[in-house]
Amino acid sequence: MSIELKQYNNRKITPLDDAEIYDSIFKASGISKGLTITYLGINQIRIGAGRGVIKGRSFVVEEEILYTELSEGATLNGRLSIRMDLADTEEPIKFLLESSIGTLRVLEQNESANDVNGVYEISLATYTIDTTKLNNFKVDYPKIESGLANLLEKINSHTHKYAGSDTSGGAATSAKKLETKRTIKIGAKSNTFDGSEDITFTAGDMNLAPLNHAYTANDYGLGSTTHFGHVKIINGLGQTTYVDGQSLAAYQGYLLANGSARDSTKAAIAHADSTNKFGLGSTSLFGHVKLINTLTQTSYADGTALSAYQGYLLQNTKSESISISTGKTVTIVGDATDESYANVHHYRFVDLILEKIKGEVGYNAPVGLAQIIGGTSSTSGSTPTTIAFNTITSAYNASFGVFSSGSFSSSKLTLKFTTSNPTVIQYNPKFTSVTVA
C-alpha cells in the first residue's frame, strides 16, 4: 500500500518515525535539562550530566572533563560543540573541540538531517586559547522548551481587533478611559485618575526627603560638625584627616578605653603563629610563601611553594627515551645556565636528563642510573672539558662514555661524547635535543 498508519496494531515505529514526531513538537534543537559547562582552568572543561534534543532525536550526557589543545604561539578562537552525524554508524553523536587562528567555521545545521542522514551541530561554549590557558569563556548553548510551551507562546502572541479597536491588538474603547474616576492618595496628597492622562506626586507630597538632603537641620544629609545626617562607620584608626559623614566604630572606642587599640587592617611585622595570622606558610601554619620556579628543591622548607608554571610543565610536557649502543657519538644540546655547583664551575642543563646503563655480562646485570647535570669548566665562560653528573643508583658505572667536546653560547649547552656501554638517555624535547651518529 502507498499509505500506512504508524500508530496501529502490530505496526513498527522506527527511530526516524520518533524523530519526525518529536521534531514537529519541539521545533528546536538544544539542551532540555542540566548539562552545566564549567571552565576548570588551564585547558580543562567540565560538562555536567544532562539531556537534549537535536532534530527530534534525544540524547543523554554523563559528567565528563574534556581537555583542549593549548596554542603554541598566536591566540586562537575555540569552540566546544555537539555534532550529530546520522551517516556515522560508529559514532553518530559526539563532543567536538575545535580552534582557528581566524574566524571559526560556520556550524553545519542541515534542517533535513533526518531525511538524508545528514549533519546537525549546536554550539555549547566559545573561548580564546593562548599558550597557558583559556580566556573569554562563554557558555552559549540553546535551550529548548516543550511543544506545549511553544503552543502557549503562539496563543499569547496571537493578536486581533478587540471591541472598538481600530488596529489588531489595540486598546478597546472601554479601556481608553475609566468610566468612573478613581482617587489615589499618597501621604497627604490625593490625585484623581481616569486613565486619560498621567498623574504625578512630588517627594514633598509623599513626605520623602530628596536624594541629597543634608543641611543645618536634622533632615538627614551627611552628618558633620553642623549638620544632623547620615554617617558611615570606620572600624580602624587610619583616618588621618577629617571627612564629613565618617565616624569611629564603638568597638574602636572600647579598644582606646582599654589601651589595646591598633589599626585592625595592619598586621605586625612578625605574625606567624599556629592560626592563620600570616607568618611563613607551612604544613601547619597559614602564611606567606615565595614561589620556586624550578624542580631543584631537594628538601622541604617552610614558606616555599612550586609556581603554577611548573605545574603546567609537569602536566603538559612528556619525556622521551632513546636507546644507544656502544661506540656511538652522542650530541646533547639544551637550555642551560652558567653557575657554580659543589665548588666546581659548570653549565647546568635546565632539563633533568637521565642516563641508564645495563651491563652486557650476566643475564641480570644491574641497571645504572644517573642524572647528566651539564658540562664542567674551569671558570665562567670557558669551554666545558668534562661531563658533570649525579649518581642516583650505586650500580651506576661512571664509564658510560668518553667526553669529546663541549661549548656554551646564548644559554645553550652542547656536549658530545662516545658511548663506552649500551645506554638509554631520557630527556624532555621541550628543552633538550639528543642526536646519535
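I began with Asn 117, which sits in the loop between α2 (113-116) and β9 (119-129). I noted that helices (H or I, at least four residues) and strands (E, at least two) are DSSP runs, numbered from the N terminus. Asn 117 isn't a glycine, yet its phi is positive, near 55°. I also checked its cover: Asn 117 counts as partly exposed because its relative accessibility is 45%. For that label, buried means under 20% relative accessible area, exposed over 50%, and partly exposed in between (1.4 Å probe, protein chains only).

A note on the source: this is a predicted model, where local features need pLDDT of at least 70, side-chain atom pairs count only at pLDDT 80 or more, and totals for chains, interfaces and linings use all residues. Residues are numbered from 1 along each chain as its sequence is written, and side-chain values use heavy atoms, with hydrogens and water left out.

Next I went to Lys 55, in the loop between β4 (50-54) and β5 (57-61). Lys 55 has a positive phi too, about 50°, and is not a glycine. Is Lys 55 buried or exposed? Lys 55 has 6% relative accessibility, so it counts as buried.

Then I zoomed out. I found five helices and 29 strands in the protein. Of its 437 residues, 29% count as buried. I looked at contacts (heavy atoms within 4.5 Å): among those between residues at least 6 apart in sequence, 46% join residues at least 24 apart.
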